[in-house]
Every structure is written in structure tokens, then in C-alpha cells.
Amino acid sequence: MSLVLPTAAPAPRPFLGVARSATGRFWRERLDVRGAQATMAIVQRHGVPELLARVLAGRGVSLDEVDAWLDPTIKRLLPDPDTLTDMEPCVARLAEAVVTGEQVAVFGDYDVDGATSTALLVEVLRAGGLDPAFHIPDRIFEGYGPNIPAIEALAANGATLLVTVDCGTASFEPFARAHEIGLDVVVIDHHQTGEELPQVAALVNPNRADDLSGLGHLCAVGLVFVVAVGLVRELRRRGWWNAARPEPDLLAALDMVALGTVADVVPLVGLNRAYVTKGLIQLRKRQRPGLTALMDAARLSGPPKAWHLGFLLGPRINAGGRIGDAALGARLLLCQDPIEAAALAVELDRLNAERQQVERAIVAQAEAEAEAALGLSGEGAVILSSGQGWHPGVVGLVAARLKEKFGRPAFAIAFTGATGAGSARSIPGVDVGRAVRGAVERGLLVKGGGHAMAAGLTIERERLGDLRAYLEEVLSSAVDVARAVDELAIDGALSAGGATPEMIETVERAGPFGAGNPQPVFAFPAHRVVFAEVGSTDQVRVRLRGSDGATLSAVAFRAANAPLGRALLEARGRQMHVAGTLDIDSWQGRSQASLRISDVADPDQA
């Protein structure tokens, strides 16, 4: 008998022969042989267009899941609220406050998730007859999460119940003080937890170790929606709702839930997909004065899509918490007066423009420091940049830019004197939240926490070198593995003539796209770059022409001084393989396809 040795799986062939693109990536066809077979099975059973079937198969959607994926509904995907640990005491305590007319204070985070969570809970409590106070901490003077002075002030103003949203899981000392002054506390949060939890009336967090709900992918506002469902149900059981005090229409609040879900970059799977899908429908009705005013201030034309929430609306809500009044976003979301809403939206738009200027200046400094630290060899698992006098409100954005440019987890720290406040952003496969918690346990940080892809921290300047060494030690292996697979997954090849608004609308049935459900990337083989120039904010604007003579407008964002932008500008008049994501541009009643360029490669070198 002969011995047959197992053979290694053949290496994947580069799509269009692109083994190394202008940005150094390997182009890989997203579908393997099994995926191609799944595509044909989806076409045959469900009668959907082949391109849509390819996108579904490329995201692992099985034959039996297709209908549910194309129409995610709240009714089918929302679990019984009581499946979450501590939900019953949470809802009971909130219902007691409503029925007895207590003064409730809601304490939220200063980001979009915190603003939407705060606004949603306040809205539901108002429907129940309460007039809750709410507090969003100042990022610079108070920092993240509940603090003792704010808690004492809320109690002094009559609050007997404090509800924290998008924060509070690790707030031991503040809640001990709340207990001393007779203030009950309920926590609704989604951040990673340690083994020890604060002693509170209820702590609803699907990421606590004893929670088996499987809802750890929800952001805070998605979790608050589940709490709201449970609270409305409990008040119905108690006979609280009547003709004079009708039940709130929770589905009308899905516009805020969708905004927080996309802005917090949680995976768009399961219930999150339903939140965003139905929330976008609600947003298009323009029934919430605050969000309607914000869309107008952002000059959003056409129906809003998921990426608009993350790139147009979210940053403006965030701008108040970054460099202005942290409560502006929540006030805008709760505002019912269109005139007042318009004024708030204009102020947030102005603050966002100011934030962009501040961010650009700090990013330039941080990138220079990072390049010097990496050196010519490019060695180092983590980017850690810091500066005296940097604005603490933009360090998260700076970390995100560093992560994008250098393809590594990035930390940006703003020092004021001997202490710095920082943020971290990570790459898939590298858990910075766990690393930050480990640094706190080792005494390297004053405080810190977060989740796999993002974290916040406070550090003393003298520990900066120790933190750098620690991060290299604990993250280098994971970073090496993550960076070894530097690929661009391609969903299919198209021509400029085939990229039509109708085709894009067909593919968007597989959306909403975002974290956990990536937007399809299409390659345009050997298209001539007939026009390329640098536009505003480091964009490179391009026009491509296919072999059939059809043209396609395209843009590469933040690329003018990067390898991608330089390759496009040098390719004027030549054919290039171009890859990117498609969108529909609507202008003056006309719709046309446009391409957001992700990568480019020279056909002669492929």
C-alpha cells in the first residue's frame, strides 16, 4: 500500500494578476469555488440577479437565510428583553420611577452612541410622564464616564435614580458615592467588562461574563432600544398607558438607533442590520426635526444611506462632544422646534468644520512622529504618537488616521502637563480594548477601557515609554498575523458601462453595508484614466473610460499625498486596473454612478 501524503491547498491566484497593487495589496477574488457554487444555488432557488447572489454568497449568507437577509425585520430579530442579564430589575426600577413620578437623571457618553442613547431613553421616559434631566460630560474637564462631582450635582437637583448609558460598567468609585448619598443607579452599557462589576440596582451589558443573550454586537443605543421595549411592556402590564398617555411609537425612534449603530462601527449583523435598515426608512420620512435640520446642514441630497450616517451626520453630532458643548447632539435629537433645531444644526456644522482644521494640523504632526519612530525598516507593531497641547477632542480621529495610513493599531495621546488623555483604534484581529485593560492592571495607565477596535485611556507622561514597550510585547504577534494578510477582496469585475444606478440599487439590497458586512468592491479592468486632478481635502478626482467608450466618475479620498493618489495622477492617459465601491450621485434630478477608489494597479505589471 502506498502512502498518500496530504498536499497543501494551492495558493490563491491574484485577481486580474494583481499580486501587489499601488498600495501594496494582493487582490483576491472574494468567492472561492464553493462560493461560486453557492452563488448559482441562490440564483436558482431565490431568482435574484447573479451579481446580487455573488455579494450574498461572499458574505456567507446561506440558502435558507437569503429572504431574511434581504428583509431584516425588528419583529423577527428582536429577542425577548428578559434574555439579557439584569433586564428584569432594570425594567422594574425604571417602571417604578415612572409610576411614582421620581426625578430621573440620565448620564450619557459624549459620542454619537452616547447622544442617541441619552435622547432615546429621555424620549421614552417623557412619554411615560417624567421630565428627566440628562448630563453629557465635558470631554476635557470631566473625561469619560460618570464622575463624583456630576453625580453629586444631579442628586442635589433632586434626582433619586441615575441611569448611565454607554458608560458606567467600570465606575466603581462614582457609584459608591452615589450609594452614600442615596442615589439608585442603573447601568445600560456595552463595553467590555472585567470580572468585578460595580454594585448597582441593575447592570445591563451583553458583554458581561454571565450574560448569555448573544447580543454583544449591539452598541449602547441598540441596547437602550431593547430596554425601552421591556419598559413599555412592563408599564402596559401595570395599566399605565391610556388615551391621555399613549404608548410611545418606538419604531419612530429607529432613526436615532440607526445613527448610533453605524457611527459606533458595530457589526451590521443580526438585529443591528434590522435597526439600520428600518432606521434609514424612518430617517427618509424626515419626521424628527433635529435630524432633518442636520441633514440639511450637512447638505445631504437624496435619500440617506448608511455611509451618510457614519461620514456626514455622525461627525457633526460628535463635534459638540469634541470641541464644543457636549450636550448639543442630544439636545438636537430631542428638539421638536424646527427653528431651534436649525440653529443647533448650524452650530454643530460650524464646530465640525473647526474640528476638521484642528484634526488636520495634529494629524500632520502625528504622522511625522510615527514615520520617525518606524524608521526606514518600518518595524514596530504599534503606532504611539503624543503631543503637548493637542486637543483631546480629536485624538480618536487622529488615531484612526494613523491606523489607516500605517496599517497598525494606533494610539494618539494629548498631554496637558504631566497627564495625557488618549484614544486607540485597531485593525481587525487585534484587540486593543483587552490590551488597555491589561495596562491598567499593570499600573501603566491611570484608567482605560474600550472594546476590540477602539479604546480610551489616561496616562502619566513618565509611563509613556513603559506603555510603548508593553503594547509591543502583547500585541506584536497578533499584529504580525493581521498584517501578513494584506488583501483586497474583490466581489467581481465590471465595465464603466455596466456600472449603472439600477445595478447599484440591485446590489444595495444586500445592505446596509458597514462593519461586519463590507460594501462590495468591484474591479474595473484596464480602464483608461482620461482625467485626474487633486481636489479639495486631499481628494484625487478621476474619470475612467472603458473599452466600450463609456465613462465613470471616480474619487480617491485623502489620497493626494499617498501612494494611491500618486499612482492615479501619474497614470493620466494610461490604462489601469481600478478597484473601489460604487454609489449613486444625485444632482438636480439626475442620478449617475460614481466610484470611490480603494486601489489601483498597472496592468503591465500585473
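**Questions on a predicted model**

Biologist: Where does H308 lie?
Modeller: This is a predicted model. Residues 306-323 form a helix, and H308 falls within that range. The place of H308 is therefore helix α13.

Biologist: Is H308 buried or exposed, and what is its relative accessible area?
Modeller: Apart from neighbours within four places in sequence, H308 is in contact with L300, P303 and L313. Buried means under 20% relative accessible area. H308 is below that limit and so counts as buried, with a value of 8%.

Biologist: Is N517 buried or exposed, and what is its relative accessible area?
Modeller: Leaving aside neighbours within four places in sequence, N517 is in contact with R59, W69, L268, R273, A510, G511 and P512. The cut-off for buried is under 20%. N517 therefore counts as buried, and its relative accessible area is 0%.

Biologist: How far apart in space are N517 and G216?
Modeller: Along the sequence, N517 and G216 are 301 residues apart. In space, taken from C-alpha to C-alpha, their separation is 17 Å.

Biologist: What is the form of the peptide bond from G511 to P512?
Modeller: P512 is found in the loop between α19 and β14, and P512 is also among the contacts of N517. The omega angle of the bond from G511 to P512 is near 5°. The bond is cis.

Biologist: What distance separates the C-alpha atoms of R461 and S386?
Modeller: R461 and S386 are 75 residues apart along the chain. Their C-alpha atoms are separated by 9.7 Å.

Biologist: What is the phi of D166, and where does D166 lie?
Modeller: D166 is not a glycine, yet its phi is positive, at about 65°. D166 is buried, with a relative accessible area of 1%. Its location is the loop between β4 and α8.

Biologist: Is L16 buried or partly exposed?
Modeller: L16 belongs to the segment before β1, and its phi is near 60°, a positive value in a residue other than glycine. The relative accessible area of L16 is 30%. This value lies between 20% and 50%, so L16 is partly exposed.

Biologist: What span should helix α9 have, and how far apart are its end C-alpha atoms?
Modeller: Helix α9 has 18 residues, of which 14 are buried. At 1.5 Å a residue, α9 should span 26 Å. The end C-alpha atoms agree with this, being 26 Å apart.

Biologist: What is the radius of gyration of the chain?
Modeller: The chain has 20 helices and 18 strands, and buried residues make up 52% of its 606 residues. A compact globule with 606 residues would have a radius of gyration near 25 Å. The chain agrees with that expectation, at 25 Å.

How values were computed. Residues numbered from 1 in each chain as written. Predicted model: local features only at pLDDT ≥ 70, side-chain atom pairs only at ≥ 80, totals over all residues. Heavy atoms only, no water. Helix = DSSP H or I, 4+ residues; strand = E, 2+ residues; numbered from the N terminus. Expected span 1.5 Å × (residues − 1). Buried < 20%, exposed > 50% of the residue type's maximum accessible area, 1.4 Å probe, protein only. Rg over C-alpha atoms; globule rule 2.2 N^0.38 Å. Contact = heavy atoms within 4.5 Å.
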